[in-house]
Protein chains: 2
Amino acid sequence: MSETAAERAAALDARDELAPVREKFVLDGCVYLDGNSLGALPRQVPGRVADVIAHEWGELRIRSWEEAGWWAAPERVGDRIAPLLGAAPGQVVVGDSTSVNIFKAVVGAVRMAGAGRDEILADEASFPTDGYIAESAARMTGCTLRALPAERIPDEAGPRTALALINHVDYRTGRLNDLPGLTAALHEAGALAVWDLCHSAGALPVRLDAHGVDLAVGCTYKYLNGGPGAPAYLYVREELQACFDSPLPGWNSHAVPFGMDAAYAPADGITRGRVGTPDILSMLALETALEVWDGVRIEAVRDKSLALGDFFLECVEASVPEGRVRCVTPREHRLRGSQVALSCADAGKVMTELIHRGVIGDFRHPDVLRFGFTPLYTSFADVARAARVLAEVLE
Amino acid sequence: MSETAAERAAALDARDELAPVREKFVLDGCVYLDGNSLGALPRQVPGRVADVIAHEWGELRIRSWEEAGWWAAPERVGDRIAPLLGAAPGQVVVGDSTSVNIFKAVVGAVRMAGAGRDEILADEASFPTDGYIAESAARMTGCTLRALPAERIPDEAGPRTALALINHVDYRTGRLNDLPGLTAALHEAGALAVWDLCHSAGALPVRLDAHGVDLAVGCTYKYLNGGPGAPAYLYVREELQACFDSPLPGWNSHAVPFGMDAAYAPADGITRGRVGTPDILSMLALETALEVWDGVRIEAVRDKSLALGDFFLECVEASVPEGRVRCVTPREHRLRGSQVALSCADAGKVMTELIHRGVIGDFRHPDVLRFGFTPLYTSFADVARAARVLAEVLE
């Protein structure tokens with residue numbers, strides 16, 4: 001008699017080295033497969049935020065900028081994220097939204113590019129905000145913007161290319177772009193590589209330093225579990241920081257911010273990527289949320305992520321009526337992020353019914369069911385149940 | 001026998017209509033005169049934020065974008081601030097930092113200005129970030145930037161002026177600029193008026209609509225008590241919204257944000273001022289903090305603010321050794337915001353000692369002691385004590 005999916009899931013969970021990390025999150029009876037949109041709540045966060053509000057804001061008040069370390073939080077939390085990106089300290093700063101950081105990165109890269117480089121390439125499958133902001137950056141720097149499939153970048157990058165803005169993992173299909181290869185191809189063309197890591201950081205090794213990525217941005221509310229709308233981050237490779245010329249030179253990026261000088265002089269280092277007063281409540285919630293990564297190997301996360309995806313697809317194939325869904329996520333591991341996207345007629349209605357039955361994924365226009373696997377808290381049992389409920393809904 | 005300062009303070013407090021509002025804040029034995037830098041904690045905030053984290057993030061998770069009203073928060077909280085600015089609903093949106101909003105407002109105003117208008121005027125006494133960001137906006141729109149004293153704007157605005165960026169209240173001296181007069185003068189020159197309300201909103205009536213202000217920005221962590229680094233706001237006058245062309249057209253400002261269209265189409269109304277995913281923890285802390293304004297008349301706030309300042313100056317003059325400090329804040333009510341700034345030798349050391357003795361103001365380079373009066377929770381007794389301790393320190 002063949003093993004059931006539930007039995008296989010139990011066996012896989014029993015030998016999962018990340019299984020104990022699940023206890024660090026607040027979870028309930030649902031199967032939560034939307035951590036690629038909003039990560040679950042780490043248990044340490046409520047207590048820490050309560051203390052920030054009651055003690056640091058309520059009692060120390062203004063003194064907390066120094067005494068509680070608020071002022072230095074953008075760089076400190078950046079250094080906490082850096083290992084997940086394969087970045088040495090001093091290259092990541094936290095603050096603002098992903099969109100605002102894309103603007104800084106794209107304009108900054110145009111200004112770093114040599115004379116005569118007036119073309120921006122953008123991955124056409126990007127999350128839309130990347131394209132909108134790249135278009136604004138192009139308009140404001142006198143560049144042209146050309147959208148194209150990421151895989152064509154090596155052929156299309158040329159002597160006029162300033163940079164390419166590329167999503168590491170496609171938000172819709174879950175396809176993983178070739179960061180080392182595309183970065184190398186851009187460098188060969190004399191152009192800069194700007195990566196959007198929203199759907200990869202925290203789900204797989206990124207290795208920014210090792211691959212010589214120039215600039216990168218990402219959000220912190222998906223696989224980094226920072227909370228709704230938590231601040232994003234900007235990475236600028238150390239060698240490029242001295243020529244990073246931000247389009248948003250707010251007072252927090254000044255060399256002497258409390259000098260209150262009318263003339264702007266940029267700070268050294270990644271502090272140059274700051275803008276205005278950092279949002280402390282969200283920043284410190286994020287800092288605490290990052291504690292769940294203590295002792296976690298990102299390679300183990302990647303292994304489990306792929307295993308979860310493989311197991312989900314096996315379960316779906318075994319139980320969902322033939323032809324009812326089509327997998328739009330590449331099966332090959334080297335081409336896959338940490339989600340599985342299924343194209344499906346009536347996807348919006350199907351997702352509503354899944355959610356009603358306790359399986360939380362999301363729907364992306366026009367016909368995609370997205371299931372995100374967050375290896376720190378998704379179990380193989382979750383995945384087996386999600387596939388079973390999906391089959392029931394589609395029958 | 002003449003009345004003591006303490007006796008006069010007690011009498012003034014006894015007839016203060018705003019005295020009961022003080023109970024809505026968490027205060028301690030200190031005299032807190034730095035609410036113009038970081039407002040005190042409203043009592044309702046800790047409980048609300050705890051619920052947002054535990055229930056909305058921890059349990060509802062992704063569903064809260066709809067079910068808990070997260071998605072609409074930037075406009076909803078904007079409408080909550082609007083009455084304090086004298087703005088009808090639908091013209092204020094909350095999000096990003098003040099610096100980022102200055103960038104949107106200044107670039108937006110340049111794009112609204114007629115052809116041939118390629119000059120930006122900026123109040124030279126501005127908080128520095130205003131000048132830095134205006135300079136970047138000028139550079140990126142092909143304009144020139146000219147810094148000058150606010151009072152010279154009527155003489156200097158001309159046919160090439162696109163806009164002037166002016167601080168309503170000077171962060172250093174506490175001087176109140178003439179918003180109605182300068183706005184009218186700019187309009188007469190065919191230019192737009194962009195106001196920075198960081199040091200006025202919540203301390204005095206602003207009346208944006210009545211005076212025809214075009215665009216405005218402000219922070220929410222000073223007189224609005226939103227918490228450290230709470231999100232800022234952008235005001236765009238209703239008639240101008242259709243031609244507001246944001247330099248930061250993130251996906252949140254799209255007409256159909258979940259349509260995931262590769263082509264940008266701006267939303268109608270003030271939503272066009274949004275950029276990326278809003279920072280929910282800080283946004284909802286701010287929303288709750290704004291409840292302290294229920295039933296408060298901004299005219300009463302202004303009356304008390306001026307009375308606190310007058311009383312402080314009287315006490316200082318009566319007790320501080322002659323010549324030891326010089327008031328750099330105008331005495332005339334029509335020229336004064338809600339702070340008193342005293343120039344003083346060794347101001348940095350003096351402020352350190354004041355803080356040590358429980359009087360919290362702040363020091364601004366090079367020689368200014370700032371005392372901010374926040375009428376919702378500053379009492380006349382606080383002011384009398386601050387003046388007495390200042391005299392003791394300076395003796």
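Visitor: What rotation superposes chain A on chain B?
Guide: In this predicted model, the superposition of chain A on chain B leaves an RMSD of 0.0 Å. The shift along the axis is 0.0 Å, and the rotation is 180°. That is the relation of a two-fold axis.

Visitor: Which residue of chain A comes closest to the rotation axis?
Guide: The distance is taken at the C-alpha atom, and the closest approach is 2.8 Å. The same surface serves both copies, since 100% of the contact residues of chain A recur in chain B. The residue of chain A that comes closest to the axis is A:Met140.

Visitor: How many residues of chain A are in contact with chain B, and what area is buried between chain A and chain B?
Guide: On each side, 76 residues are in contact: 76 of chain A with 76 of chain B. Carbon and sulfur atoms give 66% of the area buried between the two chains. That area is about 6000 Å².

Visitor: Which residues of chain A lose the most area to chain B?
Guide: The area buried between chain A and chain B is about 6000 Å². Three residues of chain A lose the most, together 14% of what that side buries. They are A:Trp57, A:Arg61 and A:Tyr132.

Visitor: With which residue of chain B does A:Asp245 form a salt bridge?
Guide: Four salt bridges are found across the interface of chain A and chain B. In the one formed by A:Asp245, the closest N and O atoms are 2.6 Å apart. The partner is B:Arg139.

Visitor: Which helices of chain A each supply at least two residues of the side that touches chain B?
Guide: Between chain A and chain B there are 21 residue pairs in polar contact. Helices of chain A that each supply at least two residues of the side touching chain B are H2 (45–60), H5 (98–112), H6 (128–141) and H10 (280–289).

Visitor: How many residues apart are B:Arg297 and B:Glu17?
Guide: B:Arg297 and B:Glu17 form a salt bridge, with the closest N and O atoms 3.0 Å apart. B:Arg297 lies in the loop between helices H10 and H11 of chain B, whereas B:Glu17 lies in the loop between helix H1 and strand E1 of chain B. The pair thus links distant parts of the chain, 280 residues apart.

Visitor: In E15(B), which residue is the bridge partner of B:Leu342?
Guide: Strand E12 (residues 339–344) of chain B has six of its six residues buried, and B:Leu342 is on one side with B:Val340 and B:Cys344. E11(B) pairs with E12(B) in the antiparallel sense over three bridges, and there B:Cys327 stands opposite B:Leu342. E12(B) and E15(B) also pair in the antiparallel sense, over five bridges. In E15(B), the partner of B:Leu342 is B:Leu369.

Technical notes: Residues are numbered from 1 along each chain as its sequence is written. Chains are lettered from A and ligands numbered from 1 in the order in which they are written. This is a predicted model: local features need pLDDT of at least 70, side-chain atom pairs count only at pLDDT 80 or more; totals for chains, interfaces and linings use all residues. Side-chain values use heavy atoms; hydrogens and water are left out. Copies are superposed by least squares on the C-alpha atoms of residues with pLDDT of at least 70 in both. Contact means heavy atoms within 4.5 Å. Buried means under 20% relative accessible area, exposed over 50%, partly exposed in between (1.4 Å probe, protein chains only). Helices (H or I, at least four residues) and strands (E, at least two) are DSSP runs, numbered from the N terminus. Two strands pair if DSSP finds at least two bridges between them. Buried area is the accessible area (1.4 Å probe) that two parts lose on being put together, summed over both. A salt bridge is a side-chain nitrogen of Lys or Arg within 4 Å of a carboxyl oxygen of Asp or Glu. A polar contact is a pair of N or O atoms within 3.5 Å; within protein, one must be able to donate a hydrogen and the other to accept it, and residues adjacent in sequence count only if both atoms are side-chain atoms.
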